[in-house]
Amino acid sequence: MVTFEHEYLLELVNNNPAMVSDLLIGSGLPAPAFDAAEVGSCDFNDRRPTEYRADAVVVFKKSNKPVQAVVVEVQRKPDKGKTWSWPVYVSTLRASRKCPVKLIVYCENDATAKYRPKCR
């Protein structure tokens, strides 16, 4: 049920999106340097037919209910694209199974294991 309190807080953000920077800082989180802030779309529809497929998924259950899920990926070489797809695997699995999710990545070599792409 939508309440006045719920809508009022969202209206504050819609009228002054830059204030979210203050909320981040007030919560002890870093805020980016920026020239402008704008309200983005709240709809997370992906209109492109995109298929995300993990290498393996394991779901641990207790009393037939998921208690933990793990995405298992094998990475042979550095791949910047995984920076964008792995969070999709984790968040989608978490939403569908309604349990905590972890990501395990097996790397074939140290260089791949230490690779940290810059997300910009």
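Is phenylalanine 4 buried or exposed? Phenylalanine 4 counts as exposed because its relative accessibility is 63% (exposed is over 50% relative accessible area, buried under 20%, partly exposed in between, with a 1.4 Å probe and protein chains only).

## About the model

This is a predicted model, where local features need pLDDT of at least 70, side-chain atom pairs count only at pLDDT 80 or more, and totals for chains, interfaces and linings use all residues. Residues are numbered from 1 along each chain as its sequence is written, and side-chain values use heavy atoms, with hydrogens and water left out.

Phenylalanine 4 sits in helix α1, residues 4-15 (helices are DSSP runs of H or I with at least four residues, strands are runs of E with at least two, numbered from the N terminus). Together with Tyr8, Leu9 and Leu12, Phe4 makes a nonpolar surface patch of about 450 Å².

Alanine 18 belongs to the loop between α1 and α2 (19-26), and counts as partly exposed at 29% relative accessibility. Alanine 18 touches Phe34 and Ala37, leaving out residues up to four places away in sequence (contact means heavy atoms within 4.5 Å).

## Glutamate 73, a buried charge

Now for strand β2 (residues 65-75), where glutamate 73 is found. At 1% relative accessibility, glutamate 73 counts as buried. Its side chain meets that of lysine 82 in a salt bridge, 3.6 Å from N to O (a side-chain nitrogen of Lys or Arg within 4 Å of a carboxyl oxygen of Asp or Glu).

There's also a polar contact between the side chains of glutamate 73 and tryptophan 86, at 3.1 Å (a pair of N or O atoms within 3.5 Å; within protein, one must be able to donate a hydrogen and the other to accept it, and residues adjacent in sequence count only if both atoms are side-chain atoms). A polar atom of the glutamate 73 side chain lies 2.6 Å from the backbone nitrogen of aspartate 55. Beyond four places in sequence, the contacts of glutamate 73 include Tyr89, Leu103 and Tyr106.

Strand β1 (residues 56-62) runs antiparallel to β2, joined by 7 bridges (strands pair if DSSP finds at least two bridges between them). Alanine 56 stands opposite valine 72 in β2. The hairpin has 2 residues between its strands, and serine 63 takes a positive phi near 55°.

## Salt bridges elsewhere

The structure holds 3 salt bridges. One of them joins arginine 53 to glutamate 51, with the closest N and O atoms 2.7 Å apart; arginine 53 and glutamate 51 are both exposed.

Arginine 76 and glutamate 108 also meet through their side chains, at 3.5 Å from N to O. Arginine 76 lies in the loop between β2 and α3 (82-97) and glutamate 108 in the loop between β3 (101-107) and α4 (110-114), so this pair ties together parts 32 residues apart in sequence.

How values were computed:
Patches are made of residues with over 30% relative accessible area and no salt bridge: like charges are joined within 9 Å, nonpolar side chains (Val, Leu, Ile, Met, Phe, Trp, Tyr) within 5 Å. Accessible areas come from the Shrake-Rupley method with a 1.4 Å probe; for residues, only the protein chains shown count as cover.
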